[in-house]
Structures are given as C-alpha cells and as structure tokens.
Amino acid sequence: MPLVPRIAVVIPCRDDAGYLDACLAALAAQSHPADRVIVVDNASTDASASVARRHGADVVAESAIGIWPAAARGYDEAMADADIIARLDADSRPHPDWIARLVRAFVADPSLGVLTGGAEFYGGTALQNYLGERWYIGGGHYWIKKWLGIPLVFGSNFAMRTSVWERVRDQVDRGNARIHDDLDLTIRLRASDGVRYDPQLRMPVSARPVQTLSGLSRRIAKVATTFAVSWPEGAAWRRRDGATDAAAGAEWIPEGDDWTPEYGR
C-alpha cells in the first residue's frame, strides 16, 4: 500500500435522490477527499443517477434489487484502483474528517483490515434517536461481537482494505437481497482480518429504521435469516481459532454497529 492509500467510497442507492444529494455534498466537504466516489444505481426510478453525476461521482448500474447485490457491485468496481474501500449509505452524513480518520487508521496500523464505527441518528424524535443508538445499534454490537468474536461491521460506516474484499467476495451471499449484507460480511470475516471498532468514528444516519415498529421488526427478523443462510459459518464453534474468543467476555458499552437501513424500507 502506498504511503497515502487510494480510497474509494461506495454508496448503494435506490430511489434516494434527496438523501444522496446531501450525502455527496458532505463527501465533497471532506478534509481528505476521496480518490473516487462510486454510486451504485440500484434500478432507481427517481433522479438518483443524475444527482450522483452532478456531484462528479461515478455511476454504475446494478439491476438486481437489494443492498447486497448493489454493495457487492460497488466493491468490485472499486477494486480496480483503490487500496481502501469505504462504504456508507445515501442517508449517511459523514463528518468532515471521516475519510481522514480512515486513512490515518489504515496507515498507522498495517494489520488493520476493516475499520467500522457507530451511528448518530437524525430525523427522529429524541427518544427514537436515543433508543436507536443505545438499544438497536448498541445491542446489535454487543451480541454480534459476543457471538462472532469480532465487531459487527456497520454498513453505513466502515472501510476495508481491497485485499479483504478479494478474500471474501466469493464467500459472501452477495446475490441475496433478503439478508443483511453487512452482517453476512461480518460472518465471513475472521479475527486475522484485523477487524476493529472505533467508538469515535461516528456517522450521522437517518432514523428511518427505528421510526416504525414494522420496519424495525423486519430488520431484526433479517438477522435470523442471515445466520440461517450462512450456517454453519456463523456458528460460534466454527470460529474458535484461539483469537476470536477474547472479546466474548467484554463488558457491554452500549455504542456500536448497526446493519444497513435497507434503503429506508
């Protein structure tokens, strides 16, 4: 990896032109700009693609509807000329130092393969935002890390070395639109991949996932589906290689990672 690694930001997007406009504006204001921004147009019927082009992003199309097909298409595209693949969603609002933090972390630690962070909800009530960050995200971080031995990769706020994606790209269930892509990715990772959670790496995201009970229930149900289709890869006994169990007894700090908001649906 060069002294200053090349970083590509991947944004899967389906019918989210308004959110995408604000997300790309935030990326344009980064203190360390991305070398490339890739928007994956997931069969949108709105102006998402034209918004992306107006901001100078590269637009690639993925006709198979779903977060995993779209995200994987973006990661594949980024492999050609990036050392680090960063990921957020159209409703993410990265702080101005988001990319700079990512680059500093990967340069400082050659063993770091995946870096993920938490969330700051916006757009909900104070109670919705609090419960989302402390219960939904915090609970997901705690239980997934306890089960898998590594932090849950949060699809709206993470980055990975291209070499990590090269290793797992044929292992993940990338064509399955009915599962959580970031949880499925986490299941395929191991402690040797150098997965780290940084509580200071926080991402403002829309409170859409926690604003309705039906939406929240659907997302939680997908956790079971994701583990089912990946079984037995997600089994704790398959992951006990002597390095993954150290985190199992860690104290719960109710800040953590989330699974992607599935385009707000």
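Is Gly 118 counted as buried or exposed, and what is the relative accessibility of this residue? At 0% relative accessibility, Gly 118 counts as buried. Here buried means under 20% relative accessible area, exposed means over 50%, and partly exposed lies in between, with a 1.4 Å probe and protein chains only.

The model is predicted: local features need pLDDT of at least 70, side-chain atom pairs count only at pLDDT 80 or more, and totals for chains, interfaces and linings use all residues. Residues are numbered from 1 along each chain as its sequence is written, and side-chain values use heavy atoms, without hydrogens and water.

The chain holds eight helices and seven strands. These are DSSP runs numbered from the N terminus, with helices (H or I) of at least four residues and strands (E) of at least two. Of the 265 residues in the chain, 57% are buried.

Gly 118 lies in strand β5. Strand β5 covers residues 114-122 and runs parallel to β7, joined by eight bridges. Two strands pair if DSSP finds at least two bridges between them. Across this pairing, Gly 118 stands opposite Arg 202 in β7. Pro 199 is 81 residues from Gly 118 in sequence, yet the C-alpha atoms are 6.1 Å apart.

Strand β7 spans residues 195-206. Nine of its 12 residues are buried, so strand β7 is largely enclosed by the rest of the structure.
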